[in-house]
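Please look through the model below. My notes follow as numbered points.

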Amino acid sequence: MAVADLFKTMFQSAKRRIKKARQDHRTHRLYGVGYQILNTEDHERVSVARIAREAGVSVGAFYERFESKDVYLRRLSWTRLDWARRQALTDLDPKRWRDASGARTVRTIVEHVLHTVNSNTVGAVRIAVKCGRLDPDFLKPLLTYRAVVADQAVVLLKPHVKFNKDPEVAIRAAVQITLATAIDALFQDEGPLRAGRRLMADTLSQTMALLLGIADRRGDLAGEDKDDNQSDAMIVDPPEQAAAFTLDALMLKDGDEIETGRKPIPV
């Protein structure tokens with residue numbers, strides 16, 4: 001190969017790598033802006049033009065990566081909720097809690113839900129719930145997350161449920177109530193049970209323990225801070241202090257798929 005041809009090949013290869021890196025960078029910016037905006041505003045009121053503008057890319061660059069706004073919303077919601085699913089497998093790993101009391105385990109499950117379903121999740125959950133009314137595929141990642149939490153909870157709590165004819169059904173119902181209450185507080189942000197507050201964690205822990213007949217013999221349901229004056233304290237970072245999730249943690253890795261009944265959407 002002639003020197004000129006060699007340099008031409010090297011230049012074209014470098015140009016392709018630079019173009020791909022720029023595309024990836026723009027994709028990351030589109031995701032980052034999406035999470036930031038849609039955690040505070042309804043997706044129906046946010047235009048593609050605004051998302052592109054705040055991400056510093058053109059509308060054309062947006063549509064090069066996502067064929068429609070629905071595809072973009074689906075990917076945002078799926079990716080965030082799949083992160084929650086993976087987090088549940090880690091936080092509620094039975095190996096970590098095999099020696100914990102029933103009450104401590106209940107508190108752990110509740111705190112996982114509140115730490116995961118928070119101000120950084122509200123946009124993904126809102127998309128799943130609202131769009132899921134017309135397209136059930138949007139709802140599947142949220143239901144999958146709930147199923148994983150329930151599966152882990154069954155393994156963790158079943159040995160502690162002694163006075164229920166069907167402990168598995170009771171545990172799954174308790175998880176459903178916990179998640180539904182957390183989501184309601186996330187959307188409403190009013191009333192005595194507010195998202196991320198200690199009172200929410202205390203109340204949900206006590207409710208789950210009562211439903212399952214698990215006694216709080218060591219004060220585990222109240223968490224580490226037993227000061228009654230702190231009932232309105234946050235057990236998770238408030239929105240203004242919450243560190244932004246790194247996109248590397250949220251984005252699917254190459255080859256990963258989310259089971260939705262459709263082919264995965266490429267990043």
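**Notes on the predicted model**

1. The protein has an average pLDDT of 79, and 72% of the residues score at least 70. pLDDT is the predictor's confidence in each residue, from 0 to 100. This is a predicted model: local features need pLDDT of at least 70, side-chain atom pairs count only at pLDDT 80 or more, and totals for chains, interfaces and linings use all residues. Residues are numbered from 1 along each chain as its sequence is written, and side-chain values use heavy atoms, with hydrogens and water left out.

2. Helices here are DSSP runs (H or I, at least four residues), numbered from the N terminus. Residues 252–267 stay under 50 in pLDDT. Where pLDDT is low, the predicted coordinates should not be read in detail.

3. Helices α4 (residues 69–91) and α6 (residues 102–116) have axes that come within 11 Å and cross at roughly 155°. Axes are lines fitted to C-alpha atoms over the stretch in contact, with angles from 0 to 180 degrees between N-to-C directions. The two helices are therefore roughly antiparallel (over 145 degrees).

4. Which residues in α4 meet α6? They are Arg80, Trp83, Ala84, Gln87, Ala88 and Asp91, and they meet Thr108, His112 and Thr116. Contact means heavy atoms within 4.5 Å.

5. Val57 lies in the loop between α2 (48–55) and α3 (59–65). Val57 is buried, at 12% relative accessible area (buried means under 20%, with a 1.4 Å probe and protein chains only). Beyond four places in sequence, Val57 touches Arg26, Arg29, Leu30 and Ala52.

How values were computed:
Angles under 35 degrees count as roughly parallel, over 145 as roughly antiparallel, 65 to 115 as roughly perpendicular and the rest as oblique. Buried means under 20% relative accessible area, exposed over 50%, partly exposed in between (1.4 Å probe, protein chains only).
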